[in-house]
Amino acid sequence: MFFIKKIIIFFLLISVFGCAFENITKLNSANHKSVSIDTQNDVSKDDESQDDESKDKYNLILKKYLKRKFNNKKFKADYTLKANISFASNETLSVSGLTVLNSTKAVVEYSLIDNYSNLMVKSGSFNTFPALSSTSNSIYTNEKSSEFIKERLTQSSAHKLYLLTNIVLRKLIEN
């Protein structure tokens, strides 16, 4: 009787791990697709302004975070991800209504293109949750606070874009 229980438990474990292993190999097949990242960072040399340079800075930061996430090892990419990040800020009142806060949101526009057929697989845009910063009398403090918020929003946007792209690639592999 004890021997039969061991055999039943053994077959149960093998069937559970066998089914789980099959799902893991299906999920990891999406990681074999390589994605090249293209951000909008070309500024004409004639009319460089501070706003264009800051846009380029955050697009390059977005590209850096996306490259870290995708970790491509192929020379020729299967897909190209074009992304552009911009920021929208506005002033809001605090809960007590005594101080003014700055609310900053990131807007990311993206498109995923198949390099073999040059067809657009997915495109769209998304907004991040607003990040709040307080205002100060110091201009330097306000600028640094704005920079840090934009960098954090860029990092969270890169993570969200990575997740969206992986979902799309997994749906393509299933079909």
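Student: Which residues does Phe-126 touch, not counting residues up to four places away in sequence?

Tutor: A contact here means heavy atoms within 4.5 Å. By that rule, Phe-126 touches Ala-106, Val-107, Val-108, Tyr-110, Ser-157, Lys-160, Leu-161 and Leu-164, leaving aside residues up to four places away in sequence. Before we go on, a word on the source: this is a predicted model, where local features need pLDDT of at least 70, side-chain atom pairs count only at pLDDT 80 or more, and totals for chains, interfaces and linings use all residues. Residues are numbered from 1 along each chain as its sequence is written, and side-chain values use heavy atoms, with hydrogens and water left out.

Student: Where does Phe-126 lie, and is Phe-126 buried or exposed?

Tutor: Phe-126 lies in strand E4, residues 120-127. Helices (H or I, at least four residues) and strands (E, at least two) are DSSP runs, numbered from the N terminus. Phe-126 is buried, with a relative accessible area of 8%. For reference, buried means under 20% relative accessible area, exposed over 50%, and partly exposed in between, using a 1.4 Å probe and protein chains only. Take Val-108 as one of the contacts: Val-108 and Phe-126 are 18 residues apart in sequence, yet 5.5 Å apart in space, C-alpha to C-alpha.

Student: How should I read an aromatic pair?

Tutor: A pair of aromatic rings is described by the distance of the centres and the angle of the planes. Rings of Phe, Tyr and Trp (its six-membered ring) pair if their centres lie within 6.5 Å; planes under 30 degrees apart count as stacked, over 60 as edge-to-face and the rest as tilted. A search of the whole structure finds four such pairs. One of them is edge-to-face: Tyr-58 and Phe-87, at 5.2 Å centre to centre with 80° between the planes. This pair links distant parts of the chain, with Tyr-58 in helix H2 and Phe-87 in strand E2, 29 residues apart. Tyr-58 is buried at 4% relative accessible area, whereas Phe-87 is partly exposed at 23%. Phe-126 has a ring partner too: Tyr-110 and Phe-126 form a tilted pair, 6.1 Å centre to centre and 50° between the planes. Tyr-110 is in strand E3 and Phe-126 in strand E4, so the pair ties together parts 16 residues apart in sequence.

Student: And which residues have the most contacts inside the largest nonpolar core?

Tutor: A nonpolar core is a set of buried Ala, Val, Leu, Ile, Met, Phe, Trp, Tyr and Cys residues joined through side-chain atoms within 4.5 Å. The largest has 25 residues, and those with the most contacts inside it are Val-35, Leu-66, Phe-70, Leu-81, Leu-112 and Leu-161. Helix H3 gives the most to this core, with seven residues. Phe-70 touches Val-35, Ile-37, Leu-81, Tyr-162 and Thr-165, again not counting residues up to four places away in sequence.

Student: How many salt bridges does the structure hold?

Tutor: Side chains of opposite charge can pair when their charged atoms come close. The cut-off for a salt bridge is a side-chain nitrogen of Lys or Arg within 4 Å of a carboxyl oxygen of Asp or Glu. The structure holds two. In one, the closest N and O atoms of Glu-147 and Lys-57 are 3.9 Å apart; Glu-147 is in helix H3 (residues 139-174) and Lys-57 in helix H2 (residues 50-70), 90 residues apart. Glu-147 also bridges to Lys-144, with the closest N and O atoms 3.5 Å apart. Glu-147 and Lys-144 both lie in helix H3, three residues apart, about one turn of the helix.
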